[in-house]
Amino acid sequence: MQIRPIKDLRNTTEISELCNGQDEPIFITKNGYGDLVVMSMPVYNRITVMAELYQKIAQAEQEIQEGKLLDGPSTLAALREKYAN
């Protein structure tokens with residue numbers, strides 16, 4: 001984990017190289033406390049995709065608890081009938 005003071009943001013090239021050279025975010029502190037998180041686009045995209053996946057899993061688990069289940073074979077048959085050409 002990389003932690004840098006906010007004054008290091010003045011050197012944008014170095015921060016960009018750090019972000020793109022790591023597979024995780026860089027934490028920026030201000031007066032000794034966490035202030036910002038900086039990351040490369042690939043890291044941001046990966047984190048976003050994982051967050052969406054976790055949200056969908058949580059929603060599916062909630063639906064299971066509520067008894068909102070579908071029968072697999074009949075659902076697949078209905079989809080095949082609807083979309084088969």
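**Chat about a helix, a patch and some salt bridges**

Me: Hi! Which strands do the buried residues of α1 pack against?

Reply: They pack against β1 (2-5), β2 (26-30) and β3 (33-38). Packing here rests on contact, meaning heavy atoms within 4.5 Å. Helices (H or I, at least four residues) and strands (E, at least two) are DSSP runs, numbered from the N terminus.

Me: Good to know. What should I keep in mind about the model itself?

Reply: This is a predicted model, where local features need pLDDT of at least 70 and side-chain atom pairs count only at pLDDT 80 or more, while totals for chains, interfaces and linings use all residues. Residues are numbered from 1 along each chain as its sequence is written, and side-chain values use heavy atoms, with hydrogens and water left out.

Me: Back to the helix, then. Which residues of α1 are buried?

Reply: Helix α1 spans residues 12-21, and its buried residues are Ile15, Leu18 and Cys19. Buried means under 20% relative accessible area, exposed over 50%, and partly exposed in between (1.4 Å probe, protein chains only).

Me: Where do they sit around the helix?

Reply: Seen down the axis of α1, the buried residues fall within an arc of 95°, so they line one face of the helix. The arc is taken from the directions from the helix axis to the C-beta atoms. An α-helix has 3.6 residues a turn, so residues three or four places apart point the same way.

Me: And what is exposed on the other side of α1?

Reply: Glu17, Asn20 and Gly21 are exposed there.

Me: Let's zoom in on Leu18. What does Leu18 touch?

Reply: Leaving out residues up to four places away in sequence, Leu18 touches Gln2, Arg4 and Ile26. As for Met50, which is 32 residues apart from Leu18 along the chain, the two C-alpha atoms are separated by 22 Å.

Me: Are Asp8 and Arg4 buried or exposed?

Reply: Asp8 counts as buried at 16% relative accessibility, and Arg4 counts as buried at 14%.

Me: How many salt bridges does the structure hold?

Reply: Four. One of them joins the side chains of Asp23 and Arg46 (2.7 Å, N to O). Asp23 is in the loop between α1 and β2 and Arg46 is in helix α2 (residues 41-65), so the pair ties together parts that are 23 residues apart in sequence. Asp23 is exposed at 56% relative accessible area, while Arg46 is partly exposed at 38%.

Me: What does Lys68 pair with?

Reply: Lys68 forms a salt bridge with Glu66, their closest N and O atoms being 3.1 Å apart. Lys68 counts as exposed at 54%, and Glu66 is partly exposed at 41%.

Me: New topic: which residues make the nonpolar surface patch?

Reply: Met1, Ile3, Phe27 and Val37 make a patch of about 410 Å². Patches are made of residues with over 30% relative accessible area and no salt bridge; like charges are joined within 9 Å, and nonpolar side chains (Val, Leu, Ile, Met, Phe, Trp, Tyr) within 5 Å. Accessible areas come from the Shrake-Rupley method with a 1.4 Å probe; for residues, only the protein chains shown count as cover.

Me: Where does Phe27 lie?

Reply: Phe27 lies in strand β2, and at 31% relative accessibility Phe27 counts as partly exposed.
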